[in-house]
Amino acid sequence: MARRKKIYEGKAKILYEGPEPGTIVQYFKDDATAFNAQKKDVIEGKGVLNNRLSEFFMTGLNQIGVPTHFIKRLNMREQLVRQCEIIPLEVIVRNYAAGTMSKRLGIDEGTQLPRPIVEYCYKDDSLGDPLVTEEHIAAFGWASQQDMEDILSLALRVNDFLSGIMMAVGIRLVDFKIEIGRVYDGDFQRLIIADEISPDSCRLWDIETGQKLDKDVFRRDLGSLTDAYTEVARRLGVLPKTSTPITKPTLIN
Ligand code: 5GP
């Protein structure tokens, strides 16, 4: 059997050439990294959970007309996605202060922001993904003015969607990061949500207890990461509500 071609290997995912032109197979690894890969571990089951959770969020976004790269889940660890040119920005939306915003501005973690705040970081691990302004983005040609308007609108629609579904299961969406891709349909280009949406790229706190249900559990050594992600998956109905804590998740479907 022919070996498929690896296109790219990142910290948490591997991309392989897809079965048809314009498609890619996205493989979710169990590797967890934090602080620009200075902290590393392998967390059994994380890739399986993130594959399923990202499918859940991306499918929902596609259904409400927010375009994403997601086509279909192939198996426990892989999904078929549309190939796109990734814009070299991490788009962060914050509803409550936490993480680097709290550090940078001296605002207590958990403080509600007056409105959602969108930030842009230049995607470059060797630089630690530095915060940039729209001036940098325009001057260095990373995205056009029209792209920036579209990115802002996509980011806020994703925020409304995710905040709503999380709120419905007792989880506060504190912040999240998305990546945006460019695709061409004939003479037209448009932007879509790419990469993944999972507890690796969001901050999710239980509304009642404040318990962290996201990658901060790993970053800050707060307990079992798979238990936290399993809890999110259970509440959203991605995992059976009655299942016991798992390291190798049994998934619905
Ligand atoms: P902060 O800037 O506070 O570290 O992160 C803000 C939000 O974006 C958090 O939800 C965090 O998980 C997410 N985020 C920021 N940078 C990255 C990154 O390089 N990878 C992932 N997966 N998430 C990120």
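How many residues of domain 1 are in contact with residues of domain 2, and how many of domain 2 are involved? The interface joins 28 residues of domain 1 to 32 residues of domain 2, where contact means heavy atoms within 4.5 Å.

## Model and conventions

The model is predicted; local features need pLDDT of at least 70, side-chain atom pairs count only at pLDDT 80 or more, and totals for chains, interfaces and linings use all residues. Residues are numbered from 1 along each chain as its sequence is written, and side-chain values use heavy atoms, with hydrogens and water left out.

## Domains and their interface

Domain 1 consists of residues 6-84 + 229-251, and domain 2 of residues 85-206; the bounds come from an automatic or database domain assignment. Taken over C-alpha atoms, the domain centres are 18 Å apart.

About 2,500 Å² is buried between the two domains, and carbon and sulfur atoms give 61% of this area. Buried area is the accessible area (1.4 Å probe) that two parts lose on being put together, summed over both. Of the area that domain 1 buries against domain 2, 26% is supplied by Phe57, Cys84 and Arg235, more than by any other three residues.

Six salt bridges are found across the interface of domain 1 and domain 2, each defined as a side-chain nitrogen of Lys or Arg within 4 Å of a carboxyl oxygen of Asp or Glu. Arginine 82 forms a salt bridge with aspartate 185, with 2.9 Å between the closest N and O atoms.

On the side of domain 1 that touches domain 2, the elements giving two or more residues are β3, α1 and α6 (225-235). The most comes from α1, with nine residues. Helices (H or I, at least four residues) and strands (E, at least two) are DSSP runs, numbered from the N terminus.

## The five-stranded sheet

The strands of an open sheet of five run in the order β1-β2-β3-β7-β6, with antiparallel pairing; two strands pair if DSSP finds at least two bridges between them. At the edges are β1 (6-9) and β6 (70-73), each pairing on one side only. Neighbouring strands are turned by 25° against each other on average, direction ignored; axes are lines fitted to C-alpha atoms, for helices over the stretch in contact, and angles run from 0 to 180 degrees between N-to-C directions.

Three bridges link β6 to β7 (residues 78-82) in the antiparallel sense. Arginine 73 stands opposite glutamine 79 in β7. Helix α1 (residues 46-63) packs on the sheet and touches β3 (23-28), β6 and β7. The direction of α1 makes about 135° with that of β6.
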